2 protein chains.
Amino acid sequence: MNYGTNDGEEVDLERMNKAVETLKEWAKKVNEVLEKEFDDHIKRAGKIHPEGARIVEHLKEYTLRSGKRIRPACIIAGYKAMGGESEEIFSASASIEAIQTYLLIHDDVIDEDDLRRGGPALHKLYRELHEKNNYKGNSKKFGWDMAILAGDLANSFGVDQLAKSNFDSEKKGKTVRKLEEIHRHTAYGEVLDVIFNYKTIDEVTEKDTDLVYELKTAHYTIAGPLEMGAILAGGTKEQKESLMKYGMKVGSAFQLADDLLVLYGKQEKIGKRVGTDLEEGNKTIPLLIAYKRGNEKQRKLIRETINKKNIPQETVQEIGEIIKETGAYDYCKNKVEKLIKEGKKEIENAEIDPKMKDFLLGIADYIITREA
Amino acid sequence: MNYGTNDGEEVDLERMNKAVETLKEWAKKVNEVLEKEFDDHIKRAGKIHPEGARIVEHLKEYTLRSGKRIRPACIIAGYKAMGGESEEIFSASASIEAIQTYLLIHDDVIDEDDLRRGGPALHKLYRELHEKNNYKGNSKKFGWDMAILAGDLANSFGVDQLAKSNFDSEKKGKTVRKLEEIHRHTAYGEVLDVIFNYKTIDEVTEKDTDLVYELKTAHYTIAGPLEMGAILAGGTKEQKESLMKYGMKVGSAFQLADDLLVLYGKQEKIGKRVGTDLEEGNKTIPLLIAYKRGNEKQRKLIRETINKKNIPQETVQEIGEIIKETGAYDYCKNKVEKLIKEGKKEIENAEIDPKMKDFLLGIADYIITREA
């Protein structure tokens, strides 16, 4: 995809590539922290019972499987943007990656998704263990149960990771509260997401899905982590507000760009995710707009496909075409561009560290030009 | 039941009744805090979306349904035992009651229990809402999903409740970490509990179940909360150790006494819980000892009944008889008495506030004389 040139604005490629390099550098440091932390928990859990160590080993492997560490990066960027200089920020920032593991594991249970980050979901690992060990009862149920508990554990790792970091106690206390606010907003977003999935497409509006994107992605992935970092560094109210506004805009664009990537990104990935989205009853913005603008035949196909199981690949592709034909794709592309432009503007005039300003501007561009 | 007189020791009834009175007084204050807190969360969640407010309203009703507030009481007692005097402790102590709501809701999902505290489980409330609103998809699955998220929310309420209380930031930070340690230990206990439920009775030992009791009850219900309170007040290492040792003994006795109450308490309550325990594959200490000591016929009945569905009431009663006939009941009763005696001894010589010493001794006696 190529955004950002419609109205003559060029993406600053050098700035963007530098931001991506920084992201990679930080991800490496965050991964080192995570590896050490999980090893500590494995050791401690192993003293209780080998099954304690086993579940943490699964959590470690699941967490380190992949990931750009965009959420820790936002904590680090928020901190440095306010002039924060302690290396301890890498340790504190890893907290949200354990929270991410927790949320993904519960998400996978809710969505009954067996695959995550190119490997088996947590519940699948325990389903297989049940079968291998010839346990009594239902292996699927055993998998769900263990995944709920594994998620609960990862949540605790995350909170503790932040609470033990070496920052001023008062600022740290405020940051723990911010993390919990992010946690709640994400959970409210997931509550709405689940409820909307169980409703018909006629009952869900673009505004409803916008709210889910704001709660589940914008606040959780960008705005909240930036604010956490800013609190740890002791930023001013104005500085924090700029970061928040940037984060909400760019974060919503991030989710919407992801929807489009899923629809029209690398061919081999398309079918599966779009099909899964439709089967789960996901009311994405592109789908809602296509449904709103479609003719009766197109609307009927969408209405009768969503929430069904085993949707044929042809139907999935047909719906992809409808999204293009109705102009829903262009509508979303423009919405992404507008959000990114507005988000960047928030940060351009903010009084923050210039290096971090460049980083955040580069990341905003990266979000709309990335291909996976 | 009447414990504590076997070896000539009398229960100090006056001290015990006074402790129970104190427990009730504190529970009232804790409930006031919880009510106010949930109302605040309802208000804030309602600003996001009415479904946000709805889920918190369910959490409020579920939390306030009943409960002795034994865990908050232990936080309060631990605090006062070290000379703590701030009324703010009632607010901080309510944190663990939100955590309790969270753990119970996830427990109910795992055990597929529809009843809790004399009312519908959280998942049942949402199952019914699904049916009432004619949502698409499976109402049971919708119930499980919403309950997982409701539990996750309650967890966040709990951590925030503690993090925002008006105590010295450093002590509070340490207490948050202690709460998370308790949270993890409870989760490890639940992991083991689930795994043991899926194993045959030949594969689980008394030591295994002892460990589950220590993690899921003793540490979580008594020892951990006492230590949290002690940390907030700034107790010495020796004082905290006395409380911990008392808590682990009395807490394990609490769970074991509960097993016996379920077996031989008020008639109308017996059948259901014992039956459910057997159906879920719960390897309680009384059952394990009866199985170990039983003759081949008795062992066969236990082995062939556990983990089955729809166990007839006669079989449940027969297994209750086996537990008495094999001496498993007496074994457990003695074990409870021994644990309580040892627990009381830990506190009798501790240098803590004398009123709180009496409270803790009274609570220990209450645990083994209560009838429901």
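**Close-up views of a predicted model**

**View 1. Helices α12 and α15 of chain A cross at roughly 135°.** In this predicted model, the axes of α12 (residues 285–293) and α15 (residues 328–348) of chain A come within 8 Å. The crossing of α12(A) past α15(A) is right-handed. Two packed helices are described by the angle between their axes and the distance between the axes.

**View 2. Residues of α12(A) meet residues of α15(A).** From α12(A) come Ile285(A), Pro286(A), Ile289(A), Ala290(A) and Arg293(A). From α15(A) come Ala328(A), Tyr329(A), Tyr331(A) and Cys332(A). By class, the residues of this contact are eight nonpolar, no polar and one charged.

**View 3. Ile289(A) sits in helix α12 of chain A.** Ile289(A) counts as buried because it has 21 C-beta neighbours inside 10 Å, and the cut-off is 20 or more. Neighbours within four places in sequence aside, Ile289(A) is in contact with Glu206(A), Ala328(A), Tyr331(A) and Cys332(A). Among these, Ala328(A), Tyr331(A) and Cys332(A) also belong to the α15(A) side of the helix pair. Ile323(A) lies 34 residues from Ile289(A) in sequence. In space, the C-alpha atoms of Ile289(A) and Ile323(A) are 7.8 Å apart.

**View 4. Chain A holds 16 helices and two strands.** The C-alpha trace of chain A spans about 60 × 60 × 30 Å along its principal axes. The radius of gyration of chain A is 21 Å, which agrees with the value near 21 Å for a compact globule of 372 residues. Of those 372 residues, 55% count as buried. Contacts in chain A with a separation of 6 or more are 76% between residues 24 or more positions apart.

**View 5. Chain B touches chain A through 48 of its residues.** These are in contact with 48 residues of chain A. On the side of chain B that touches chain A, at least two residues each come from α1 (13–48), α2 (50–64), α5 (95–111), α7 (139–163) and α8 (169–197) of chain B. Helix α8(B) gives the most, with 16 residues. By class, this side of chain B has 22 nonpolar, 13 polar and 13 charged residues.

Technical notes: Residues are numbered from 1 along each chain as its sequence is written. Chains are lettered from A and ligands numbered from 1 in the order in which they are written. This is a predicted model: local features need pLDDT of at least 70, side-chain atom pairs count only at pLDDT 80 or more; totals for chains, interfaces and linings use all residues. Axes are lines fitted to C-alpha atoms, for helices over the stretch in contact, and angles run from 0 to 180 degrees between N-to-C directions. Helices (H or I, at least four residues) and strands (E, at least two) are DSSP runs, numbered from the N terminus. A crossing is left-handed if the near helix is turned anticlockwise from the far one by less than a right angle, and right-handed if clockwise. Two residues are in contact if their C-beta atoms, placed from the backbone, lie within 7 Å. Ala, Val, Leu, Ile, Met, Phe, Trp, Tyr, Cys and Pro count as nonpolar, Asp, Glu, Lys and Arg as charged, and the others, Gly among them, as polar. The radius of gyration is taken over C-alpha atoms; the globule rule is 2.2 Å times the number of residues to the power 0.38. A residue is buried if 20 or more other C-beta atoms lie within 10 Å of its own, exposed if 12 or fewer, and partly exposed in between; C-beta atoms are placed from the backbone.
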